[in-house]
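Please look at the sequence and the structure before reading on.

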Amino acid sequence: MSNPSKETLSGGTQKLPMMPIRDMVIFPFMMTPFVVGRESSVRALEEALSGDRKIFLATQHDASVDEPTADDIYATGTIGNIVQSVKMPDGNIKVLVEGVERARSVEVIDTDGFFVATVRTGRTQLEMTPQVEQQMQRVHSLFEQYVKLQQSLNYETMAASVRSDEPAKLADTIAANLQLPIEEKQQLLEVFDPEQRLTRVGDVLDLAIEKLNMDRTIQSRVKRQMEKAQKEYYLNEKIKAIQKELGRGEKSEFDELKKKIEAAGMPREVLEKSLQELKKLEAMPPMSAESTVSRNYLDWLLAVPWKKRSKEIRSIEHAETILNEDHYGLEKIKERILEFLAVRQLVKNPKGSILCFVGPPGVGKTSLGMSIAKATGRKFVRMSLGGVRDEAEIRGHRRTYIGALPGQIIQSMKKAGTKNPVFMLDEIDKMASDFRGDPASALLEVLDPEQNTSFQDHYLDVEYDLSQVLFVATANVLHTIPGPLQDRMEILRLSGYTELEKLEIAKQYLVKKQREATGLTDKQVSFGDDALKHLIRGYTREAGVRNLEREIGNVCRKVARRVVKDGPSHEEVITGENLPDLLGVAKFRDSQVHEKSEVGLVTGLAWTEMGGTILQTEVQVLDGKGKLTTTGQLGDVMQESAQAALSYIRSRSHQLGLGKDFYRNVDIHVHVPEGAIPKDGPSAGITLATALASALTGIKVRRDIAMTGEITLRGKVLPIGGLKEKLLAAHRAGIYEAVLPDENKKDLAELPELLKGSMKLHFVQDMDQVLQIALEGKLPELKEEKPEALAKVLPTNIDLPPQPVSRQ
């Protein structure tokens, strides 16, 4: 229980039932209704009703305490007279109590489940002096102001209730009607002296009036602002209604566009242009064609990523794992990709790299780009350039054209959604040019790290930064790609696969992929190594593995049909023996070596877009008048190689045992089979010369040897390209010995170990060595001789002046 006030009370003491009150302070002269529900309070009420109907009412310190002790109740309270009590249906009792006088408890005892308090009253008489009257007038006047400001109080009722000539009654009545916290009301109740209480009530009223005036000022200001906002809202709604009636849509649409533009992260110049375009759009009638063009333009500016970037994974270990999971072999390519990632770790803002994968179809060029994106955590987008002839495909159309759109570069960036994707330019060697422009030239800016920071699309007509994009191009051949475009890319060559590599790729990737594609399990279909080898040798003849995957899928589909027919328990193991039952007779022989050595028939090696291949070359000598005929759709370069080979043979006629004028009495026919396929290139030079030498001398050419190399008029053998692909073709054909130019020795380092270990390679410098290796018959020892025609023109006794050396 709270400590009693130091004020001395002069009244007597009496014992009364005590009831704790929640959330209110009851003052003398106050009629208060409340509901009694607690058991202890009900007992105290019954005790009072059974006596003189008087009860001591004191407020709890904490209203949330359900069963308060004496210490939880204020010591000062009010003696009340129970005017009325009514028992309610729920068991509670509604009472009406009139406050009689304030009192302070001296002792509180818990008796029979309720409190009994010994209280002391304090009756203080106050003489009416001019000072007291003045104080009463002040308090009365302040209360009138308070009631006027406090809108929750009724002025007439309050004015009637405080008409009193007694200072104590006036102070208590006003205190009871003030809207104050419980603690402040309790403090007023604890003041027993009427004059002091009147002064305290006046001070409280002063402070309350000041607060109410401040609140009214604030409310008035808020009301004015709200009225202004409501006025603006009303006018805006009216404008919207008018614009809607005119067909101009809602104003908020432009506000949303403006917010999106400001949040897009555009460079300053682009932002200014976008806001300027938005102003134009606002002024345009929405149904006009210009409005549609302007809106589409803004939509494209917002759709392109200006600041959003993929969080890049720069872990070399992670990238290496991904690349090894997705691809078998290709060690040099993987090494280059890991080098790229290593540089990304050391340099904060490296320039974008442009890689170009060149190789035959089916070796994994496109899937490598996807693996790079997966390994680096970037988005992947692909643009096919095959057959593209229009420059607008790269740079887009200007907005003046109907239906104009940005180019594929910007469209792909929108699709990626980030400014640093892996961007694949597929089939870059298949582009062409016509009257609509040259798309290869338009790509020069895109693929130049020094220029693509400010790539300008015709439609957007603003600079766009492509420097953070990792461009990856793919091509089958290089000679159709313009030189300046090649110069901007780092060329990485992908050769064809060996049989061993194909076998591993099939086991690790292709079988699993096709099995899942056909809904089979590893128990329902399995491939033995002999079956895969038979597939590689007998049913496919390619540099890549695309046809191999197709044939594996064909087998899986046939097994899937049997599984559906026989039930899920059907299991099948594919072997080399039962493979023909599923796929039919093998399409290719294991070996393409001739059954026997023949005259004028030589196996050459060639390179095509599909990889390496063998080229059978035939020469037939007929009676005639020295005419050279070439058939088999030979290109200009190959026809010139045939002419050079014939000139070499004529210069060696004596050593080959031919007459001086042998060519005057014969016609020579050179034919390369598969005449429907165009063929060209200089690397068939030694093949043609060997076939001519064999046909003219009647000496057979070894059937188990292949050759490639360019020939000069003097019989020198020049280096060729595509060595790995050509030797792979020979190996696939079952030929394990080859004649190669001596200058191609440097390419041995790039050959797979399978080729080095299983093939016998002859490196030659001139045609004389080729003939000694390739022809089965022995030729006489070849000696350098001047042709007779040259000897007639240049007599041997004349010394020629030294000739200047041409340096290039």
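Predicted model: local features only at pLDDT ≥ 70, side-chain atom pairs only at ≥ 80, totals over all residues.

Q: Which strands pair with strand β3, and in what sense?
A: Strands (E, at least two residues) and helices (H or I, at least four) are DSSP runs, numbered from the N terminus. Two strands pair if DSSP finds at least two bridges between them. Here, β1 (residues 13–21) runs parallel to β3 and is joined to it by four bridges; I21 stands opposite T59 in β3. With β4 (residues 76–87), β3 pairs in the antiparallel sense, also over four bridges, and F56 stands opposite I79 in β4.

Q: Why is strand β3 described as largely enclosed?
A: A residue is buried at under 20% relative accessible area, exposed at over 50% and partly exposed in between (1.4 Å probe, protein chains only). Strand β3 (residues 54–59) is largely enclosed by the rest of the structure because five of its six residues are buried.

Q: Which residues touch the most other members of the largest nonpolar core?
A: A nonpolar core is a set of buried Ala, Val, Leu, Ile, Met, Phe, Trp, Tyr and Cys residues joined through side-chain atoms within 4.5 Å. In the largest one, of 50 residues, they are L425 and I428. Apart from it lies another core of 49 residues, among them L323 and V525.

Q: How many salt bridges does the structure hold?
A: A salt bridge is a side-chain nitrogen of Lys or Arg within 4 Å of a carboxyl oxygen of Asp or Glu. The structure holds 28. In one of them, E737 meets R702 at 2.6 Å, N to O. This pair links distant parts of the chain, 35 residues apart. E737 counts as buried, at 10% relative accessibility, whereas R702 is partly exposed, at 22%. R702 also forms a salt bridge with D704, with 3.4 Å between the closest N and O atoms.

Q: Where is M214 found, and is this residue buried or partly exposed?
A: M214 is found in helix α6 (residues 194–246) and counts as partly exposed, at 49% relative accessibility.

Note on methods
Residues numbered from 1 in each chain as written. Heavy atoms only, no water.
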